[in-house]
Amino acid sequence: MVVILKDAKEEAKAMRLGLMSGDLIPAQELGPLGFEAVQVFFASGTQDEKDDPTTEAIDEILNAGGMALAAMTLHVDLVGPRGCIPADVDRTIRCVEKTAALDGRFGANEKPILVWHPSGYPADPEVDDGAVFGGLCEALRPICDSAAQLGVDLAVEITRAGSVGSAESFLRIKDRVGSPALKVCMDAANFTPDRTPLERAVRMLGPDTVIAHGKDAAFADNGEVADYGPTGSGKLDYPTYIRCLVEYARPPYFVLEYYRSRQDLLTARDIVRQAP
C-alpha cells in the first residue's frame, strides 16, 4: 500500500503544473515556484480578431519565464436556441489554425491544444434542445476536421452551465461527431459530483483527456453551485481527483485557475503536490 501511494506521487510529479497567463506572479519566479507552463486565451466569442494575442505576444509571455504553452483557449457558444451558429464555427476554425501555427511551443503535449469552453447553454424560453444537440454536432464536425488535418487536439472543457454538461453528454457528442481530434479538458469542479460522480467522470473521460484544470466549487443548499474559487476553497475531493487523473488520464499539464492572490496560488500548488 505504501509503495502504491509513493508511486502515485511520483506519477503526479510527472503531471506538470501550469497556470493561466497573467502578471500576478513575476515571470522569473514561476520556474522556481514549480510551474512549467501557461495557458493563453484568444478573445472571447466572435470579437474582432485584433484582440487575439499575436504570436510575438505569446512568445514574450513564454520566454519571460521559460514556460511551455499548456494550451490556447477560446470561449464561444457554437450553438444557439435553434442550433449551429456559423460565425462561431468559422471563428473557432480560425483559432484552430492559429493554434496549429504555434506548434513547437507546447512542451510535453503530444499535439497543440485548443481548449473550447462553451459559453453557456442557450437560455431562450423557446429553446429547442434537440436542435441544440444537433447543432453542436454540426458545428463540431468541420472544426474537428480542421483540427485533425492540422494536428491539433480540440479539448472540450465540460461545464454544468454549458452545452456539454457531463461526461455522458461528451461521450454522446463524441460518438456522433466521430473525430479523433475531439478531446477533453478535465476540470472536475465544473461538473462533478452533481452532473457525473468524480471518479466515474475521470475514468470515463481518461482516454480522451489531454489537459486538466484545478479550481474548486462551493454549493448552495439547493445543490447548485454558489461560487467557484481556487483549489482548497470548496468541496472538490482533491486527493481523489489527483489519484484518478494519475490512474486514468495522466495529462501532461495540470493548470491552476481562479486564484486571486499569490497565497491562493501557492496553497493550490501545495494541495496538488501533497495529494496521495
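Visitor: What should I know before I start?
Guide: The model is predicted, so local features need pLDDT of at least 70 and side-chain atom pairs count only at pLDDT 80 or more, while totals for chains, interfaces and linings use all residues. Residues are numbered from 1 along each chain as its sequence is written, and side-chain values use heavy atoms, with hydrogens and water left out.

Visitor: Which residues of helix 9 are buried?
Guide: The general idea comes first: an α-helix has 3.6 residues a turn, so residues three or four places apart point the same way. Helices (H or I, at least four residues) and strands (E, at least two) are DSSP runs, numbered from the N terminus. Buried means under 20% relative accessible area, exposed over 50%, and partly exposed in between, with a 1.4 Å probe and protein chains only. In helix 9 (262-274), Leu265, Leu266, Ala268, Arg269 and Val272 are buried. Seen down the axis of helix 9, these buried residues fall within an arc of 160° (taken from the directions from the axis to the C-beta atoms), so they line one face of the helix. The face turned away from the buried side carries exposed Gln263 and Gln274.

Visitor: How are the two faces of strand 6 covered?
Guide: In a regular strand the side chains alternate between the two faces of the sheet. Here Ile113, Val115 and His117 sit on one side of strand 6, with Leu114, Trp116 and Pro118 on the other, and all are buried.

Visitor: What are the partners of strand 6?
Guide: Two strands pair if DSSP finds at least two bridges between them. Strand 3 (68-76) runs parallel to strand 6, joined by 5 bridges, and Leu74 stands opposite Trp116. Strand 7 (153-157) also pairs with strand 6 in the parallel sense, over 4 bridges; there Asp153 is the bridge partner of Ile113.

Visitor: Is Tyr258 buried or partly exposed?
Guide: At 39% relative accessibility, Tyr258 counts as partly exposed.

Definitions and conventions
The expected span of a helix is 1.5 Å times one less than its number of residues.
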